[in-house]
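The sequence and the structure come first, and the description follows.

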Amino acid sequence: MTRTPLRPLARILVARRAGENPDAIERANLVARHEADRDAQRQRAEGRLLVLGVAFLCAFAMVGLRMSALAASDPAEPRSAASGAQIVATRADITDRNGRILATNLSTHALYAQPPHMIDPVKAARQLAKIFPDLSEERLLKQFTGERKFIWIKRRISPEQQQAVFDIGDPGLLFGPREMRLYPNGALAAHVLGGAGFGREGVNSAEVIGVAGIERALDTEMRDPGRGDVPLTLSLDLTIQAAVERVLEGGMRLMNARGAAAVLMDIHTGEIVSLASLPDFDPNDRPRPLTQGDQAESPLFNRAVQGLYELGSTFKIFTIAQGIEERLVSQSTWIDTTGPLRWGTHRIRDFRDHGKALTVEDVIVKSSNIGTARVAMMIGPERQQGFLGSLGLFAPSPVELIEAPGAKPLLPRNWSEIHTMTISYGHGMSASPLHMATAYATLLNGGYKVTPTLLRRETPVIGPQVVSSNTSKQARDMLRKVVSEGTASLADVAGYHVAGKTGTADKPKAQGGYYDEKVIATFASVFPANDPKYVLVVTLDEPIDTTGEKPRRTAGWTAVPVAAEVIRRVAPLLGLAPDTSAGVTLARN
Amino acid sequence: MKSFFFLLTACVVMALAVWAYRQNYETQATLREVDALREDISQLRERAGVLRAEWAFLNRPERLADLADMNFDRLGLLPLRPEHFGQIEQIPFPVEQVQDVMLREEAE
């Protein structure tokens with residue numbers, strides 16, 4: 001571009017000649033140049049704005065198009081990229097502590113009918129009744145010829161049944177895929193597993209939800225898709241659970257008991273290795289709850305967790321241990337046992353007369369109610385409540401079962417002195433066998449609080465110390481004497497130093513008072529006493545041992561031999577070698 | 001010169017178009033293969049699940065106990081009891097071999 005000079009000589013000369021100021025020409029030219037510059041700049045700026053505007057328009061149009069495309073399209077799985085964390089839509093498996101399956105999923109089909117598409121409803125109804133004997137032909141026919149357009153016929157059918165229905169060849173009979181819960185071990189650990197059923201149901205799928213036990217308690221965790229393929233590992237051991245159930249069932253039959261429960265717990269970690277309740281049921285085909293009568297008679301009732309029983313003399317060790325812990329008595333203190341002990345209109349008696357006095361140790365070994373009640377009076381109601389509470393006997397058990405929070409121990413409404421006395425030997429307060437096992441574990445493992453759990457623990461959890469390790473050891477020694485010299489002599493399994501306490505409590509009537517001839521027999525034990533590893537609580541409901549001349553109901557003759565057999569059977573499976581110095585004859589090959 | 005560059009560019013564009021076309025179809029084929037493999041995997045998973053369930057069913061303690069009872073003559077399996085634990089001292093020392101070694105040493 002040729003630049004026009006600010007002072008063109010020709011015009012200046014003309015201006016000078018005319019006597020005008022030539023500077024005016026320069027200024028006029030300068031103004032003209034500035035105006036031209038400004039016009040050019042404005043044009044450039046306008047151009048840039050336009051470009052920018054178009055760019056923004058494109059960008060927003062792109063975002064808008066993408067959004068509408070996303071909103072209008074169907075969702076699709078990312079197909080090309082491998083997903084990092086695996087998402088599994090099925091319910092997690094449940095395994096025992098060694099990874100053996102307790103519950104898994106199986107795909108089957110559900111059968112439904114659409115009567116408008118049916119060709120020959122009469123034939124279909126007849127054939128279906130043949131395949132499924134539990135369906136009635138008339139009822140099916142009524143449904144097929146009625147108003148309804150959609151009918152569920154069977155929730156779960158086997159492949160053979162499916163083939164048979166295919167062979168009917170009616171287009172109105174249709175199948176929907178179903179995921180079902182399978183418990184391959186049948187009734188084993190039924191009360192722990194509980195069972196599963198269908199929640200919301202559609203044609204193409206149905207929700208599997210837990211209905212009881214750990215299946216319901218940990219339902220959301222097991223259904224979490226982010227869990228992937230990781231199964232839920234329980235603390236139970238399949239082999240040991242089977243052995244415990246087998247022995248317990250035999251024992252229940254021999255002792256003519258109505259029911260039985262057993263809890264085997266790791267004394268240090270609180271892991272429940274076995275939890276059995278009889279009679280039991282098959283979780284694959286969970287029976288319906290009783291519509292009348294006592295729910296406690298139903299096989300669904302978990303006696304080990306829900307059964308709140310007065311556990312009798314097994315409580316005595318808590319009173320005595322607290323007396324020792326608070327330095328009110330020592331093992332050799334003499335306690336007055338002359339009976340009966342009167343308090344108002346109440347009288348406390350012993351099963352048999354123990355003479356004038358017993359040492360604290362003998363109060364446990366000979367199971368004196370009067371002696372224990374006297375120690376409890378020294379302790380007083382407040383401290384007794386504090387101690388029993390710290391053993392976890394006042395709150396529902398925190399174990400991972402849906403039934404557990406409902407089983408709150410039954411306590412007297414106002415805790416007077418007479419309650420202190422009766423509860424000291426296990427009457428007037430009810431707790432479950434699981435509570436008992438937890439309290440025994442806490443008291444006897446060196447005094448550290450134990451939280452019961454059904455899940456395998458990778459690391460030990462050490463709770464706060466409740467009693468000193470010295471008190472704990474003394475309690476173990478006294479319980480060992482109960483087995484070696486006292487009421488539980490039948491539990492002396494050679495080589496395993498079993499220590500424990502029997503308890504026989506009269507069953508309370510529903511309308512108040514107690515039955516004379518119906519008892520709950522309990523044996524709470526720990527083995528080996530010198531290096532405690534496991535706690536075992538066995539409870540029998542209304543046992544009678546009829547092998548002797550007179551029928552015997554006390555725990556020493558009923559629960560103790562059953563518990564002894566459980567220990568004899570289970571201890572080797574737990575990997576505990578017997579102490580050979582105690583006179584076990586080992587196998588010779 | 002200008003027309004040469006024009007020709008070259010046209011060739012490159014055509015080559016790229018062919019390449020993109022083939023890539024497109026290859027990708028689609030691969031995606032179909034991935035889908036088929038995923039389907040296979042899920043079916044195999046399901047089968048593995050069924051087999052695991054069957055394995056657990058066949059190995060349920062009740063059945064194993066019954067089998068052990070039925071085949072007691074041949075297998076002689078008993079429940080593990082405390083007496084079955086052995087001790088290291090009970091294993092007989094290989095006496096004869098030691099004697100052999102000693103004899104050999106004497107001979108040498």
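Two strands are said to pair if DSSP finds at least two bridges between them. The model described here is a predicted one.

**The sheet of chain A**

By that criterion, β14(A) and strand β15 of chain A, residues 514–527, form an antiparallel pair that is joined over nine bridges. Within this pair A:T504 stands opposite A:A521 of β15(A), while A:P508 has A:Y514 in β15(A) as its bridge partner. The hairpin made by β14(A) and β15(A) has five residues between the strands, and among them A:G512 takes a positive phi near 100°.

The two strands belong to an open sheet of five strands in chain A, which are ordered β9-β8-β16-β15-β14 and paired in the antiparallel sense. Because β9 (272–278) and β14 (499–508) of chain A stand at the edges and each has a single partner strand, one side of each is left without a neighbour in the sheet. From one strand to the next the twist averages 10°.

Chain B has four helices and zero strands, and along the sequence its pattern reads α-α-α-α. The radius of gyration of chain B is 37 Å, well over the 13 Å that the globule rule gives for 108 residues, so chain B is more spread out than a compact globule. Taken along the principal axes, the C-alpha atoms of chain B fill a box of roughly 105 × 60 × 20 Å, and buried residues make up 2% of the 108 residues in the chain.

The contact between the two chains takes 23 residues from chain B and 30 residues from chain A. On the side of chain B that touches chain A, the elements giving two or more residues are α1 (2–58) and α2 (61–70) of chain B, and the largest share, ten residues, comes from α1(B). Sorted by class, this side of chain B holds eleven nonpolar, five polar and seven charged residues.

Conventions. Residues are numbered from 1 along each chain as its sequence is written. Chains are lettered from A and ligands numbered from 1 in the order in which they are written. This is a predicted model: local features need pLDDT of at least 70, side-chain atom pairs count only at pLDDT 80 or more; totals for chains, interfaces and linings use all residues. Axes are lines fitted to C-alpha atoms, for helices over the stretch in contact, and angles run from 0 to 180 degrees between N-to-C directions. Two residues are in contact if their C-beta atoms, placed from the backbone, lie within 7 Å. Ala, Val, Leu, Ile, Met, Phe, Trp, Tyr, Cys and Pro count as nonpolar, Asp, Glu, Lys and Arg as charged, and the others, Gly among them, as polar. The radius of gyration is taken over C-alpha atoms; the globule rule is 2.2 Å times the number of residues to the power 0.38. A residue is buried if 20 or more other C-beta atoms lie within 10 Å of its own, exposed if 12 or fewer, and partly exposed in between; C-beta atoms are placed from the backbone.
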